[in-house]
Amino acid sequence: MGVEEQLPSGMLLTTVEGLAGYMRKASLWPATFGLACCAFEMMTMGAPRYDSARFGMEVFRASPRQADLMIVAGRVSQKMAPVLRQVYDQMPNPKWVLAMGVCASSGGMFNNYAIVQGVDHVVPVDMYLPGCPPRPEMLLDAILKLHHNIQTSKLGSNKRALQAECEQAALTAAPTIEMKGLLR
Amino acid sequence: MSEHQPENLPATSPAGDAATPGAEVVDQRQGMFGVRGTGDTSGFGGLRRQVALPGGSARPYGTWYDSAVDHLVSLVGDDAIEKVLVDRDELTLHIHRGRLVGVCRHLRDDEALRFEFFVGVSGVHFPNETGRELHVVYHLLSITHNRRVRLEVSAPDADPHVPSVVSVYPSADWHERETWDFFGIVFDGHPALTRILMPDDWPGHPQRKDYPLGGIDVEYKGAVIPPPDTRRSYN
């Protein structure tokens, strides 16, 4: 009783981008990269109560070579940063990074010599998730939003055009300090 | 809270007060939050506090301490132990730095002492205690007798060398590396004294009191919040 019965001649037209995104978003393999307390929420997200198996990503790969999503769960120390970068480099493309919690996103409460002030100093981040630590529901929400981004991601020349557009936008964007409004 | 201590005060100790004769005043602190002069409307600027380490204890020390100290002195001699301190019912032996390994060996091997289990090494930095800026604290546990003892060794900042006890307690290996990493105390005789928690090329020793916290400014829309250590100085 699905959409396939309504299809004219059993045919459905889509784009290569749409199909690739559809396949990719349904087949994410997270790498185990728990660094601190956020890791417990990440493990809980994989356990039956929150059940990331619903999205086909309950198996965390211990080898980065078999993973394509790195959930940076916790604060990254200066000593851990090269390790994190190496794990990221070992992951095959296409790959995504989710900065889980405020520490991975911006250093959080650890504004000191030992902690990298945001994992985006080391690797490109696709999704930032606030919270200290975020609840598993928030992590699932971030993952679903990442799924949406993967589904709508571009390929080939479209991707290059989008990258150039994003770069231009970033170059002309006002720095945070020049923005006005509430302190947030 | 017990009935004996009605107010919310830190635990007092006969040996630990600044007024006690023999106590070593290592620091004199004034005010709070680094506020000085007319900017202080909180009243905390008037606070004055002495940071005092308890002096040595007088005999009898109590419980098993007297016999154990006597036995240790008979094994290692008088000059190895600088000070015996019983504070809050815990025994601390201040050991002469050159005699540490011998004392540890006797503490481990002697039948009446038998401190087989090495709990850990800590470093302490007292920047104002001239000539004894760096302290190293060892915790030992006797599983045989169910006893604990604390050893303390001091070294001047200009000569931060302490003999390694890895030859007696192999589990001190990583603890001493950590103490070297954070306090810059060189453990002579350690098999591989390298940094363990900070990156290998890290300059400085972060847990010393004079090491800056090293935070960065946090930017919000139209505002900058400085890092905590430059907002106020928690002296």
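**Ground rules**

I number residues from 1 along each chain as its sequence is written, and chains are lettered from A in the order in which they are written. As the model is predicted, local features need pLDDT of at least 70 and side-chain atom pairs count only at pLDDT 80 or more, while totals for chains, interfaces and linings use all residues.

**Chain A, overview**

I looked up the make-up of chain A and found 6 helices and 4 strands. Here helices (H or I, at least four residues) and strands (E, at least two) are DSSP runs, numbered from the N terminus. Read from the N terminus, the order is α-β-α-β-α-β-α-β-α-α. I noted a box of roughly 65 × 45 × 35 Å for the C-alpha atoms, taken along the principal axes. Of the 184 residues in chain A, 32% are buried. For burial I use C-beta atoms placed from the backbone: buried is 20 or more others within 10 Å, exposed is 12 or fewer, and partly exposed is in between.

**Helix α2(A)**

Which residues of helix α2 of chain A are buried? I get Cys38(A), Glu41(A), Met42(A), Met45(A) and Gly46(A), in a helix that spans residues 38-46. Down the axis of α2(A) these fall within an arc of 145 degrees, so they line one face of the helix. The arc is that of the directions from the helix axis to the C-beta atoms. A reminder to myself: an α-helix has 3.6 residues a turn, so residues three or four places apart point the same way. As for what they pack against, I list β2 (69-73), β3 (96-100), α4 (101-106) and α5 (136-151) of chain A.

**Strand β3(A)**

I went to β3(A) next, where 5 of 5 residues are buried. Trp96(A), Leu98(A) and Met100(A) are on one side, with Val97(A) and Ala99(A) on the other, and both faces are covered.

For pairing, I require at least two DSSP bridges between two strands. β2(A) and β3(A) run parallel, joined by 5 bridges, and Leu69(A) has Trp96(A) as its bridge partner.

**Chain B sheet**

In chain B I traced an open sheet of 5 strands in the order β3-β4-β7-β6-β5, with mixed pairing. β3 (81-87) and β5 (117-125) of chain B are at the edges with a single partner strand each, so one side of each has no neighbour in the sheet.

I then went through some of the pairs. Strand β4 (residues 90-95) of chain B runs parallel to strand β7 (residues 147-155) of chain B, with 3 bridges, and Leu93(B) stands opposite Leu151(B). β5(B) and β6(B) are antiparallel, with 8 bridges, and Ser122(B) stands opposite Val137(B). β6(B) and β7(B) are antiparallel as well, with 9 bridges, and His139(B) has Arg150(B) as its bridge partner. The hairpin of β6(B) and β7(B) has 4 residues between the strands, and in it Asn146(B) takes a positive phi near 55 degrees.

**Pro127(B)**

I stopped at Pro127(B), in the loop between β5 and β6 (134-142) of chain B. Buried or partly exposed? Pro127(B) counts as partly exposed because it has 13 C-beta neighbours inside 10 Å. Leaving out residues up to four places away in sequence, Pro127(B) touches Glu133(B), Lys209(B) and Asp210(B). I also noted 8.5 Å between the C-alpha atoms of Pro127(B) and Asp157(B), which are 30 residues apart along the chain.

**Where B touches A**

Last, the interface: 17 residues of chain B are in contact with 15 residues of chain A. On the chain B side, β10 (218-220) and β11 (223-225) are the elements that give two or more residues, and β10(B) gives the most, with 3 residues.

Key: Two residues are in contact if their C-beta atoms, placed from the backbone, lie within 7 Å.
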